[in-house]
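Hi,

Here is the structure I promised to pass on. My notes follow below it.

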Amino acid sequence: MSTPTSRLVVPDLLGLRAEYHPDQVALNVNGGAGLTYADWLHGANRVARGLLDRGVERGERIGILFSGLDWIDYAVAYLGVMTAGATAVHLHTGIAAPEMARRLDQCKVTGIVRGAATAPVPDFGGWSDTVAGVATGDGGPVKADIGPEDLAEILYTSGTTGRAKPIATPHGNLTFGRGPEGFRQLGDPKPLLAPIPLGTTSSATTTAVALSLSATIVLCSPDDVERMAELIEAMRIKSVMFTPWIGLQMAAARISERYDLTCVDTLATASAPLPGPIANRLLEMMPSAKITSVYAARECVPAVITITYDPARPLAVGRPAQGTDLLVVGPDSEPVATGEIGEVWLRSAAPKRVFLEGEERIEQAGNEWTRTRDLGYMGEDGDLYLFDREADAIRVGDKLVSSIATEGALYGHPAVQQAAVLGVPDPVLGQVPVAVLVLSGQDDLPGVREFAAEHLEPHQRPVRYHLVDSMPRGVMGKVLKYQLLKDLVPTTSVARADAEAESMFMGIMTGTGEDLYEDYRRLRERTPALLTGDGSLVLSRFTDCDASLRNRSLGKSDEWLKLQLASVSATSLRPVMELMQRSMILTNPPDHTRLRRLVSSAFTGRHVERLRETVTRRTSGLLADLAADPGADLMSRVAVPLPINTIGDLLGIPEDDRAGLIPHIHDLGLLMEPAAGPDGVRRGAAAQRALADYFAGLLAVKRSEPADDLLSRMAVSGEEGALDETEMIATALLLFGAGNTPTANLLGTGLCALLDHPDQLALLRADPGLIPGAVEEILRYDSPSQFDFYTVLEPVTLAGAKLEPGQNVITLLGAANHDPERFDDPDRFDVRRKQGGHLSFAAGIHHCLGAHLSRLQAEVFFAELLSGYSTIEYAEPPQRHPGLGNRGYSRVALRLER
């Protein structure tokens, strides 16, 4: 717009826009509320005056934390902080609590201005207030004593390749080349659509751009492409800012078939490379448009490379914009020849953005060029071509493979909806490419392989393909490749004997569980694969546990039960062992396969879903009864009756019998509880005898008077491989017990986790769509079943230890679910956690048969509780029952109010 301006700061730009175009709408939110430049200036001045009245000083770091579509307050707060002479630190609600604490400490944030609907940051030592609470000034002019060299803001890198790093931006960097000369000539053309998440580098850039852009910026959610299309059609949007992830979703949703997108003449992308096939599909959907690509690194701005997308040259990123210099250099920091791959360096005359600390800041000192850490080459046509991120390029023998180019080729197949290509270690070639794909159908994979063979050179072709339902992505939609690598390249532990670690393990198994996850952490860090004195292998890392659960050289046996029953008389032991040895919980193929097949149809996801209406009605009634008795116990009034009635319906247990069976079910669990003690084990054995006698009688009734239930089908089945009498009793016992206690513990543990984390409870209230994911997080965070026990069936090597038949393997599932190599910040309870794949239902052929049923009941329970009751609080501290076999609460007294 103009030549470099020497003394402007960002608030000056807002003041000039308000002077020349006071009534022009700068920002429009989702087609509704708008913010004019005059109102923006007035609001920013009020915030600035309020901050100054609080004693905020020049250069003080103030966080701005907003969520959803709270753009107007965000823009007002952003400019208000800078108008006061302070430095804005951009935050967003998707930042995990430990990472948030790290950033606040790293940036020395003293206060936070947040959205009205945004919860305060827990345990933050400074002040925190909403825009309304801060904006106490009268809106009159505020002029802080700051210059272009003062810091305007601190932004963070995306963190897709490692920990996010802070970048400090001076005012002069943001005002460079944006003087007032052109403001008077700005018109009011068609609006520009910006689906950008708040609190990110992109939201900061978008807000800053609005200060010098002629068009109104229409802001909307980046997660709803249907709404984007509606706005384009309704508001005749001329330009659309988008990320490759948004482009993928637009193409997949085929929005042009439902909306008129012909008004769009520019599609602008800047965050990551756009795969050529996706770009081509977007151009077909919007035939009047061109795609403008801006290549830059956050720390290099305003130095940028620009191009209009050319389908014949999909990897070309263009030429330097005015005021930008470009170099492609080799390892010696000297320019390389045309066509040779090197690192891309950029330079601008603007005041530099600098890393706040660390090696990158030291590297920047005294160097006018900024490294992008991207690889590229100059083409014969004079354009820069992007090869790959330096960290993502794959070194296959003596060849370098571009993951970007390979991904682009894979997107050429119509079945490929999402693709990520990574380099994994190879003992011969160093690395080989592996593709992670989301396909429209798993049957399409052979066609994708053939397509890749036709369009890629041999060294570029993925050697393996992994199909997933979704990709882990950052806040801007970039694939978190480091997370995929955790799954694709598991590291294994090396087993060893360790007397102190064995003592820790025994303390875990027989202790109260009060500091369970801290104890797990200590054991996992000290000896993640422990060989005990009796030859057992104890595993506490996710990778090791998961691999063992799926290893067919391991199986179930009665070894654990023999250890548990060592204190019980032989007379009591014999009937317990006879039943358990015939149960699918302790059998292996082929018997396990036969037993499971005969009952598994009743527990499929489709069959279980038919129970939702009944479970919902029952849950609603139980909660109403609980609410009518303030201080009543959730466990005895809801958490236990709900699953016992659900599994009772499936099995065909008469309703009048169910309540009387509850004490036996509780005691039965003691047979698998390490901390039960002799008395507890004897109670468990007695409970098993009582339940076995009950089911023997009930099965006899079912044979003579069959009904539409699972026990009747078992009793009268004449199909090949049908269960004999002992197997039927053992199966009924297993299904009834496993269908009760784990689900009851899941409900109690889950509610306590939410009450102990009110911010997560608030998230579920605000968005019930998070409930299924929250159930998975509850299962991971505090699993009802904390360990599993296997026996070696044939010689096998695990964690470097050669194991022989008869040796035992103990997988600490709760420890695996808190492994930081598998789950980011694993001790944080986060209902929006993207990483699934916990081991709470085990894995492999012994994966929990009733997992679908347990999940459904939990989803219904939390949905009914949160939608029906505005007040949910403890009436007294909850009481845990000790042990690992069935971890949960014995009493959770509540007060509920509608």
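**Sheet, cysteines and a helix pair**

Strand E3 (residues 61–66) and strand E4 (residues 87–92) pair in the parallel sense over six bridges. Pairing here takes at least two DSSP bridges between two strands. Helices (H or I, at least four residues) and strands (E, at least two) are DSSP runs, numbered from the N terminus. Ile 64 sits opposite His 90 of E4.

This is a predicted model: local features need pLDDT of at least 70, side-chain atom pairs count only at pLDDT 80 or more, and totals for chains, interfaces and linings use all residues. Residues are numbered from 1 along each chain as its sequence is written, and side-chain values use heavy atoms, with hydrogens and water left out.

E3 and E4 belong to an open sheet of seven strands, ordered E6-E5-E3-E4-E7-E8-E18, with mixed pairing. E6 (127–130) and E18 (354–355) are the edges; each has a single partner strand, so one side of each lacks a neighbour in the sheet.

Disulfides (cysteine sulfur atoms within 2.5 Å): the count is zero. For Cys 107, the nearest cysteine sulfur is that of Cys 300, 20 Å away.

Helices H29 (residues 741–756) and H30 (residues 758–766) have axes, fitted to C-alpha atoms over the stretch in contact, that come within 5 Å and cross at roughly 105 degrees. That makes the two roughly perpendicular (65 to 115 degrees, on a scale from 0 to 180 between N-to-C directions). In contact (heavy atoms within 4.5 Å), Leu 754, Leu 755 and Asp 756 of H29 meet Pro 758, Gln 760, Leu 761 and Leu 764 of H30.

Best wishes

Notes
Angles under 35 degrees count as roughly parallel, over 145 as roughly antiparallel, 65 to 115 as roughly perpendicular and the rest as oblique.
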